[in-house]
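Here's a quick tour of how charged side chains pair up in this one. Have the structure open as you read.

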Amino acid sequence: MAEADKDDLISIIEDEDVDAEIPGVLPLMPVRDVVVFTDMVLPLFVGREKSVRAVQEAVAKGGYLFLATQMDPAIENPDTDEIFTTGTVSRVLRMLKLPDGSVKVLVQGFAKAKIVNYTRRRSLYRVKVEMLQEPAVDKISLEIEALMRNVREHCEKILILRGEMSGDVITILKSVEEPGKLADLVASNLSLNIEDSQQLLEVTDPMERLKKVNHLLSREVQLSTMQAKIQSDVKEEISQSQRDYFLREQVRAINRELGESDESLLEIDEYKKKIKRARMSKEADKEANKQLKRLEQMHPDSAESTVVRTYLDWLVDMPWSRSSKDVIDIKRAQVILDRDHYGLENVKNRILEYLSVRKLNRKIKGPILCFVGPPGVGKTSLGQAIAKALKRKFVRISLGGIRDEAEIRGHRRTYIGALPGRILQGLKQCHTNNPVFMMDEIDKLGADFRGDPSSALLEALDPEQNSGFSDHFLNLPFDLSKVMFILTANTTDTIPSALLDRMEVINIAGYTEEEKIAIAFKHLISRQVKENGLKPRTLSVSPGAMRQIISEYTAEAGVRNLEREIGTICRKAARQIAENRQKKFQVTRGNLHKFLGVAKFIAEMDQEQSQVGLATGLAWTQVGGEVLYVEASLIGGKGELIVTGQIGDVMQESARAAVTYTRANIASFGVKKKDFENLDIHIHVPAGAIPKDGPSAGIAMATALISALSNKSIRNDVAMTGEVTLRGRVLPIGGLKEKALGALRGGIRKVIFPQKNRKDLAEIPKSIRRKIEFIPVNSMEQVLDHALLTNASENK
């Protein structure tokens, strides 16, 4: 600044009268990251064009400048609504023009003011201001004196803690005798955020402002005390670690002179014993001894030694050769499976087949089974039953939402906090290399920039490769061929085809009403009675009440919600017992509503009578089969097709195919082509808020449309599933068993299905086939023969 040209350095205060009257309109300069208080002197670098012009105008017209803080310091050119209205009228004491066009100014806060309005906005901000008058403090009372003394003492404490205490600062603090000026002096030197500083500036009452400053100072004293304590602790820890290092080296030297071993040598000997007991593979044993020699040469307190210790701990704890002995008793296994699970004969037979082969061939590799079915059908508990039947350890991990490949393969040891993947962690926890390993929610794996976990699973779940599974952390082959992997999923649609090819998929469709009743009486009631603290004979539920719970309070393929409702009944009973109102409970159809309230599930539509244009379809969902209604209506128009009900692209195409088939065969339905062309077709699939899609609603849409055209009712006890072609052929579908269960829950007694799905009837339990009449069809003509009523009398 001393080297600058004298023409660029301008002194304002010498040429102007300090006590001159402050103009009512002043140039405004927004400031960032600082709130200017009265009597506060600070330098400012000014670079924004509007701000430079404001400073130049202030210098030209007496040196007065209005400084207000902008709300967001990141904004380069703040608008008027982004600047606080309360600020400080300041004087420019010095101004230095810099070579880049910016200026450096020295300003002093003079008086508080408030913006009334903006008189100029474009080239610079010019504002009309209203001065804020502070009430005068005529007499320093005892309360004011105590408060001022408290503020001074807080300031001294903070300065002492920061090591900035000096006699000049104390002299300045004691020389200020006005409460308002003391508050402004302290506030301008505190490290406050913008919001707190602005709030202080806007307080005009000196006592109120001093109280707020005192409160902020108390908090700052606490922070400074804690900061000083932390710094002191760090210094103590550093000095302590240095002291420990020298003492440890001295102990080592003494032990060497005495011929005694130290702790590090004892640790090395312990690792050698653990490596020998672990019975590792050749590669692992070689690597473990190599890392042990490295550890022996390292300083015990080095960071690298901690990494090596962690690696050795994992190596010696892994079950390289520890296996649980299989107890293969086929009859006992069948008893356990039948005791723990009702129904599910296909799954049980597959498990018993594996056990039989295992009994004959001990070297068989573990199968990779995948249980696919709706929630609550017992997929996870089946895995526990298999482990119990084999007398193996059971390990379960959930794959839902996993997006990082390292969760499967582990992290490389170069990363801080690295660990093996979830598979090896599970094997370490169970201490055997042949557990029943269940991976839940395989269909909910994700993938992102961190890798694809499903690809990492390919090696682990391939019987031909998993004998040498390599984890990134261990970086050694580990044999997974003895592990019995069981995976669960709600659907196979989201499982990558390469991964699905390595698994044996076993579908679990769900339970019939009779199976649910049997499961409830055999397992669920007793379990909930025990969990809710009731005695075995305290609660009884009639079969009729249980049937009503299943039909009116749950709508699921599994039994999870059924168990929740039984739990609700048990809790209601437990409360009455705890209140000494009743000791025994008999739940019947008549009093069920007292425990569970009104029915939660009712029929979606009124199907008590057969109706024109209303067909009943069947849909497969991730939670099982469901009844799907299709409505068709004809209205005057130009032959357009309207499809509603939030249906997907596949069902949209099914609707178009049904309309085309109907138009091509319009004469056979007794409708003139001319009449048909003057009608708009509206097909609706309730409920409208639920997305729907799939290739099995074609015949239902065609039947509803033909019913509306011919004015013939559709049987209310018939449901149908199948896709229709333009020629009227009925194409096969999937999920017939799940759809049959859904039809049974919906009270349907006849199901029309494609002839090519006749082979799937073998998978449907006989109990369902006895209750539902399955009608195979090849063409739409056959569908219409079975679905449409021929005369009005049949509609009754």
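Helices (H or I, at least four residues) and strands (E, at least two) are DSSP runs, numbered from the N terminus. This is a predicted model, so local features need pLDDT of at least 70 and side-chain atom pairs count only at pLDDT 80 or more, while totals for chains, interfaces and linings use all residues. Residues are numbered from 1 along each chain as its sequence is written, and side-chain values use heavy atoms, with hydrogens and water left out.

**Salt bridges**
- A salt bridge here is a side-chain nitrogen of Lys or Arg within 4 Å of a carboxyl oxygen of Asp or Glu, and the count comes to 25.
- Glu134 and Arg209 pair up at 2.9 Å, N to O. Glu134 sits in the loop between strand S7 (125-131) and helix H2 (142-162) and Arg209 in helix H6 (residues 206-258), so the pair ties together parts 75 residues apart in sequence.
- Lys428 and Asp317 make another salt bridge at 4.0 Å, N to O. Lys428 belongs to helix H14 (residues 422-430) and Asp317 to helix H9 (residues 303-317), 111 residues apart.
- Salt bridges that share partners join Lys112, Glu134, Asp184 and Arg209 into one network.

**Exposure**
- Buried means under 20% relative accessible area, exposed over 50%, and partly exposed in between (1.4 Å probe, protein chains only).
- Arg209 is buried at 1%, whereas Glu134 is partly exposed at 33%.
- Glu177, in the loop between helix H3 (167-175) and helix H4 (179-189), is exposed at 60%.
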